[in-house]
Amino acid sequence: MARTRPIFWEWRGNQTEPDWWPRLAVRDGDWKLLLTYDAKRVELHHLIDDRAEAVEKNVAKEHPEIVARLSQLALNWKATLPEKPKHDCISSTPAK
């Protein structure tokens with residue numbers, strides 16, 4: 001069955017941008033948008049043409065309307081999340 005609604009991700013690790021990004025992502029249909037919390041850094045990938053999400057195939061500048069729509073979806077979704085995750089949702093395994 002094909003997905004009919006967007007899927008969202010948030011990464012809350014303790015490293016900070018610019019090296020540890022994105023903080024948010026949304027996939028809607030064949031489009032995937034990666035962005036920072038302030039949406040100043042974005043990448044847009046058309047997954048049919050770019051399954052690997054290659055940086056050089058970022059099409060954000062060619063599709064500003066899709067970037068705006070997906071950014072708003074991601075930021076609206078983020079606003080519904082709790083300030084901090086519940087303690088029992090956090091892995092206790094140290095990163096390697």
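The structure is a predicted model, in which local features need pLDDT of at least 70, side-chain atom pairs count only at pLDDT 80 or more, and totals for chains, interfaces and linings use all residues. Residues are numbered from 1 along each chain as its sequence is written, and side-chain values use heavy atoms, with hydrogens and water left out.

The protein contains 1 helix and 4 strands, arranged from the N terminus as β-β-β-β-α. Helices (H or I, at least four residues) and strands (E, at least two) are DSSP runs, numbered from the N terminus. Of the 96 residues, 27% are buried; buried means under 20% relative accessible area, exposed over 50%, and partly exposed in between (1.4 Å probe, protein chains only). The protein exposes about 7400 Å², of which carbon and sulfur atoms supply 54%, as computed by the Shrake-Rupley method with a 1.4 Å probe.

A nonpolar core is a set of buried Ala, Val, Leu, Ile, Met, Phe, Trp, Tyr and Cys residues joined through side-chain atoms within 4.5 Å. The largest such core has 12 residues, including Leu24, Trp31, Leu44, Ile66 and Leu70. Strand S2 (24-28), strand S3 (31-35) and helix H1 (64-78) each give two or more residues to this core, and the largest share, 4 residues, comes from H1. When residues up to four places away in sequence are not counted, Ile66 touches Trp31 and Leu44, a contact being heavy atoms within 4.5 Å.

The whole structure holds 3 salt bridges, each defined as a side-chain nitrogen of Lys or Arg within 4 Å of a carboxyl oxygen of Asp or Glu. In one of them, Glu10 pairs with Lys78, with the closest N and O atoms 3.4 Å apart. This pair links distant parts of the chain, since Glu10 lies in strand S1 and Lys78 in helix H1, 68 residues apart. Glu10 is partly exposed at 22% relative accessibility, and Lys78 is partly exposed at 24%.

Arg69 forms a salt bridge with Asp28, the closest N and O atoms being 2.8 Å apart. Arg69 belongs to helix H1 and Asp28 to strand S2, so this pair ties together parts that are 41 residues apart in sequence. Arg69 is partly exposed, at 38%, whereas Asp28 is buried, at 18%.

Lys32 forms a salt bridge with Glu53, with 3.1 Å between the closest N and O atoms. Lys32 is in strand S3 and Glu53 in the loop between strand S4 (42-46) and H1. Lys32 is buried at 14% relative accessibility, while Glu53 is partly exposed at 23%.
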